[in-house]
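Colleague: Please take a close look at one helix pair in this model and follow its packing into the surrounding core.

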Amino acid sequence: MELDIYESETHQNSRRRKKSTVWEHFTVKTDGPGCARAYCKRCQKSFAYLKDSKQSGTSHLKRHIALGICQKNKKIPCSKTDADPPKKRAKAKPYIAATAISFDQERCNSKIAKMIILHDYPLHIVEHQGFIDFVRALQPQFNPLSFNAIQGDCVAMYRREKQTLLNLIDRIPGRVNLTLDFWTSNQTSAYVFLRGHFIDGDWNLHHPILNVFMVPFPDSDGSLNQAIMKCLSNWHLKGRLFTLVLDKPFSTETLIGNLRSLLSVNNPVILNGQFLSQNCYARVLSRLALDVLSAMRETIDKVRESVKYVKSSKSNEANFLKLRQQLQVPSTMDLVIDDQSKWDTIYHMLVAACKLKEAFVCFDAFDPDFRMTLTLDDWKQVETLCRYLNYLYDAANILTVQPYPTANVFFLEVSKLQVVLTCAALSHDPFCSRLIMPLQKKFDQYWRESCFILAVAVAMDPRYKMKFVESTFAKIFGDNAEYWIRVVEDGLNELFLEYNIIEVLPFTATNDNEGNETTIKTESFDEGAFDGSLFAGDDGLSDIEFYISDLTCNQQFKSELDEYLEEPLETRVQEFDVLSWWRINGLKYPTLSRLASDILCVPVSTLSADAVFDTEMRKMDNYKSSLDSLTLEALICTKDWFRYKSSPITVPNAFVKVEC
């Protein structure tokens, strides 16, 4: 007996009437007590509908009509309602009929380009038959792309994102810091990653890769200079550079000297260019770790072989676990085999092995095939090694917890490591002293070169200011602490004074047509304006010298820096956001906040978070080395920008010079 679904449902329960227009194409026939099947009016194919009084829904019926499965129904267009996605069910995802979405080839091409960029897929993937078959299974109308086409799409995407980033950089109120990271290749060339670090007008920290370029290796001095100057020009950074950080062991003194002279010509000199080169913090720590690991290579190899034996089979692991339980070893750590390209994995392997040394000492009696080659003295030396590797690990790990953290966090770690290594080098334990003395000498050089900028940075943290610098220098320098404290104080005052000088350069006030506020704009000035002849008068004294003299002689004058340092320290809380504090207090300290903005974004490391523990320089793979320079730069830079989402930010007028 054939029943029209609307009539049947009306008699049974008006609240359950089926309103979907799918029933324009189907009828329901009873198929026994409590059972019914839906039949297509065109092809008479039957579908489950009702069984044991339980309905099967209508999604499968809609697919039969919307996707054209019904051969006799292909020429009958489905109404728009038929293509509407069904409601969600507990065990099935919502279905969207293909006829409801118009295919957009350009949008699809853009998504493929972004996929390739984000996941480092080779550009040739678009020509792989498997990829083409997969996409056409999803959308038969898809037109396959060529290598050249997708390459052009990636470069076009890079240029759009680059313009967005350039617009952001043009609007930042402060300066930009640069880091240079070197990658090798299988060719006679190296690749340089030039990354910018800056804070925008909303006090958000940005650190995008600006350029990737190839230079001859190892003789890269001249071409590197030219590439950096080109970068400064392309990104509108001439006169706006604050620091340049590179790893000195991979650079010659000639290169560093050339960079210093070139950059000084094109930038107002901050503290006579003292910030134009620093050591890479992460590489310094890696070299120290490698030195101390190399000093104990034989002992570490014994530990590694013991760990490998236990991890070599399930039965060995089970026997080792059983022994641990019998000995009631308190450690819950698991043994791990190290990756010798990452020194932190070597550290973790040694720590875990030390925690389980009791089990290792007895394991040869438990397993006759195991040979224990480590003596008790060896284990003691490994424990000593782990204790000092832990300090290096903690000092480096802050670069992985938050990529490129603000500069104020490093003074604590660096000064603590300086104290620990100095004490260990003077230890009465001959093994400890002999092991750590070479490390202490190398790190002491880094400390003396970097402590000034790190101290200035921590002084910009309202939880510490100069109080922490004073107490730390007293521990490290002893009787000479007062001299080093004065160096930092004088440098901080000189920095603040230079920012005040920039602040009093000629300004032009222009009325805003949309309101009554006055916008203050700095007049353009020549790059050579920061020489000794700036505003020089007939008497040989410049206007700026008169300004400085006036500030110095005025006994009642108290600068923003003085007021800031005299204010009580902020409470030390773990989640303190130093950038948020300066954003809130920017109006109170307009000039000092500009200095803080530039100081806090000074990078101490040239490496990305995933390379902090590398034991070797990174190498560009053969595929990327085969790409032309523009395509390579497009793929690497755009991925970085997508990853960190550097997007244009509306920069408020946070820093306005107000005259009473």
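**The H8–H13 pair**

Modeller: H8 and H13 are roughly antiparallel to each other, because angles over 145 degrees count as roughly antiparallel, under 35 as roughly parallel, 65 to 115 as roughly perpendicular and the rest as oblique. This is a predicted model, in which local features need pLDDT of at least 70 and side-chain atom pairs pLDDT 80 or more, while totals for chains, interfaces and linings use all residues. Residues are numbered from 1 along each chain as its sequence is written, and side-chain values use heavy atoms, without hydrogens and water.

Helices H8 (residues 281-295) and H13 (residues 376-401) pack at about 160°, their axes 10 Å apart; the axes are fitted to C-alpha atoms over the stretch in contact, with angles from 0 to 180 degrees between N-to-C directions. Helices are DSSP runs (H or I) of at least four residues, numbered from the N terminus. On the H8 side, the residues that meet H13 include Tyr-281, Leu-285, Ala-289, Val-292 and Leu-293; their partners in H13 include Leu-385, Leu-389 and Leu-392. The residues of this contact divide into 14 nonpolar, no polar and no charged.

Leu-389 extends the picture: beyond neighbours within four places in sequence, this residue is in contact (heavy atoms within 4.5 Å) with Ala-289, Val-292, Leu-293, Trp-343, Tyr-347 and Leu-350. In the largest nonpolar core, of 106 residues, Leu-350, Phe-360, Leu-389, Phe-473 and Trp-582 touch the most other members. Helix H15 (residues 430-459) gives the most to this core, with 17 residues.

Note on methods:
Helices (H or I, at least four residues) and strands (E, at least two) are DSSP runs, numbered from the N terminus. Ala, Val, Leu, Ile, Met, Phe, Trp, Tyr, Cys and Pro count as nonpolar, Asp, Glu, Lys and Arg as charged, and the others, Gly among them, as polar. A nonpolar core is a set of buried Ala, Val, Leu, Ile, Met, Phe, Trp, Tyr and Cys residues joined through side-chain atoms within 4.5 Å. Buried means under 20% relative accessible area, exposed over 50%, partly exposed in between (1.4 Å probe, protein chains only).
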